[in-house]
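The sequence and structure are shown first.

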Amino acid sequence: MAGHALATVLLGALSLVLAGVLLLTVARGLFYGLVDQGPYGHSWGGPSRAGAWLAHFAVATPCAVATVAALYGITGLHERLTAPLRGERRPGWVLPAVLVCCAAGALFVVAFLRQLP
């Protein structure tokens with residue numbers, strides 16, 4: 001039982017990281033023109049506000065779709081991970097997949113924190 005609890009907490013933390021990525025993607029990508037007031041001379045798609053907004057929108061849209069797909073995948077992984085708690089059989093690949101996903105999430109957080117000033 002403690003192993004299930006730890007694994008589900010790790011998946012929950014990974015989901016929070018992905019939710020943060022989705023929030024940043026929407027704020028800094030899809031709503032770029034509302035978040036950043038300029039100047040846009042050195043922005044992607046600049047020097048105009050419309051060009052910068054369009055460039056950030058074009059990059060953020062597939063990133064947001066991929067993040068939502070990853071969250072959907074984590075939901076399925078969580079459902080398969082907790083199958084024994086419902087009396088069902090858990091596939092053998094689930095636990096290694098959970099560990100790999102959580103390790104990748106931890107590496108992402110470390111890389112993100114290191115790039116901050």
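Is F108 buried, partly exposed or exposed, and at what relative accessibility? The model is a predicted one. F108 has a relative accessibility of 40% and therefore counts as partly exposed, since that class lies between the cut-offs of 20% and 50%. Values for this residue and two others are tabulated here.

| Residue | Relative accessibility | Class |
|---|---|---|
| F108 | 40% | partly exposed |
| F112 | 34% | partly exposed |
| T25 | 11% | buried |

**Aromatic pair**

The count of aromatic pairs comes to one. The pair is formed by F108 and F112, with ring centres 6.4 Å apart and 25 degrees between the planes. It is classed as stacked, because planes under 30 degrees apart count as such. Both residues belong to helix α4 (residues 94–115), where four residues, about one turn of the helix, separate them.

**Surroundings of T25**

T25 is part of helix α1 (residues 2–30). Leaving aside residues up to four places away in sequence, T25 is in contact with L30, A60, C63 and A64.

**Packing of α3 and α4**

Helix α3 (residues 49–81) and α4 have axes that come within 10 Å and cross at roughly 140 degrees. The two helices are therefore oblique to each other, because only angles over 145 degrees count as roughly antiparallel. Their crossing is left-handed. On the α3 side the contact involves L77, R80 and L81, and on the α4 side V94, L95, A97, V98 and C101. Sorted by class, this contact comprises seven nonpolar residues, no polar residues and one charged residue.

Conventions. Residues numbered from 1 in each chain as written. Predicted model: local features only at pLDDT ≥ 70, side-chain atom pairs only at ≥ 80, totals over all residues. Heavy atoms only, no water. Phe/Tyr/Trp six-rings, centres within 6.5 Å; stacked < 30°, edge-to-face > 60°. Buried < 20%, exposed > 50% of the residue type's maximum accessible area, 1.4 Å probe, protein only. Contact = heavy atoms within 4.5 Å. Axes fitted to C-alpha atoms, helices over the stretch in contact; angles between N-to-C directions. Parallel < 35°, antiparallel > 145°, perpendicular 65-115°, else oblique. Left-handed = near helix turned anticlockwise from the far one by under 90°. Nonpolar A, V, L, I, M, F, W, Y, C, P; charged D, E, K, R; others polar.
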